[in-house]
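This report goes through one protein model, from the whole chain down to single residues. Please look over the sequence and the structure before reading on.

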Amino acid sequence: SLSPLSLNITAVVWHGHEMVYGFAATVAVGFLLTAVQTWTKRSTLPPAALLCLVVLWLCVRASFWLLDKELSWLVLLLQGSWWLLVIYYLAKPLWQSRNRRNYVFVVLLSMMMLLNLAVLYSDLIAQNAPLALHLVRTNILLFTILMGLIGGRVIPFFTQSGCARIGVILQPQPLPKILDAAFLVTSVLSVMVFFVSYFTVLAFSPGYLMVAAGCLHMVRMTYWHAYHSFKVALLWSLHLSYLV
């Protein structure tokens, strides 16, 4: 069904777009732009750039209600501009400090930007709501990779710091490189296979790869001292939410 919004974007596509890009992507971007300052010891967003991001974000939200269908392209322009600013201010300090370990986040955000623009183009211009929904679901899976990478960085650190406050000193358990690589490769393959499944009939379901990736997530968690977190509510809730 069509929504009452001025652009007549399909209601379920609009809802998915706002949950994935208007909310989740904004939270992830806020975290990354804050964390990159710690990773690189460099400042990221000047006040003017931050204000510009906020204004662009608000303009995209308002455009669904205020613009006529003939101005659909303007939504893509506004949303694309928001993403480009985000990627620029994330990539700049990483590049200047040669922080290659975190280049992967620039790649992930670039892929999210392309999917975001493809969602808007598919529904607003090409009038292909099923494809738009498939792209939204693809981006949800892409978010799981982002969450896995960030979780693998912060959960072990928070667990060690939180347990130290109650007198429990934990020794770091380095994740085997082969396990880390297997998690990333399996996760990326599952997203790619799911994306392709819309356009062709596959010999197997992408669900098999997703189950394998989920199992690797659980194996990774065994290196994060989850059993020591039960005395600290903030820690066990963090481990539980990641597991779920």
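What share of the contacts in the protein chain with a separation of 6 or more comes from residues 24 or more positions apart? The share is 73%. The model is a predicted one.

## Overall fold

The protein chain holds 8 helices and 0 strands. Read along the sequence, its pattern is α-α-α-α-α-α-α-α. The C-alpha trace spans about 60 × 50 × 35 Å along its principal axes.

The protein chain has 244 residues, of which 43% count as buried.

## A nonpolar surface patch

Seven side chains are named here: Met-218, Tyr-227, Phe-230, Trp-236, Leu-240, Leu-243 and Val-244 make a nonpolar surface patch of about 820 Å². Helix H8, residues 233-243, gives the most to this patch, with 3 residues. Met-218, another member of the patch, lies in helix H7, which covers residues 206-221.

## Arg-220 in helix H7

Helix H7 also holds Arg-220. Does Arg-220 count as buried or exposed? Arg-220 is buried, yet has no salt bridge. The nearest side chain of opposite charge belongs to Asp-180, at 4.2 Å.

The side chain of Arg-220 does make a polar contact with the side chain of Tyr-242, at 3.0 Å. Leaving aside residues up to four places away in sequence, Arg-220 touches Gly-148, Gly-152, Leu-175, Leu-179, Asp-180, Phe-183 and Tyr-242.

## Positive phi in two loops

Where is Lys-41 found? Lys-41 sits in the loop between helix H1 (11-40) and helix H2 (47-66). Lys-41 is not a glycine, but has a positive phi of about 60°. With a relative accessible area of 70%, Lys-41 is exposed.

Gln-127 is placed in the loop between helix H4 (103-125) and helix H5 (129-165). The phi of Gln-127 is near 55°, again a positive value in a residue other than glycine. Gln-127 counts as exposed, at 51% relative accessibility; the cut-off for exposed is over 50%.

Definitions and conventions
Residues numbered from 1 in each chain as written. Predicted model: local features only at pLDDT ≥ 70, side-chain atom pairs only at ≥ 80, totals over all residues. Heavy atoms only, no water. Patch = residues over 30% accessible without salt bridge, like charges linked within 9 Å, V, L, I, M, F, W, Y side chains within 5 Å. Areas by Shrake-Rupley, 256 points an atom, 1.4 Å probe, with all protein chains shown as cover. Salt bridge = Lys/Arg side-chain N within 4 Å of Asp/Glu carboxyl O. Helix = DSSP H or I, 4+ residues; strand = E, 2+ residues; numbered from the N terminus. Buried < 20%, exposed > 50% of the residue type's maximum accessible area, 1.4 Å probe, protein only. Lys, Arg positive; Asp, Glu negative; His and termini not counted. Polar contact = N/O pair within 3.5 Å; in protein donor to acceptor, adjacent residues only side chain to side chain. Contact = heavy atoms within 4.5 Å.
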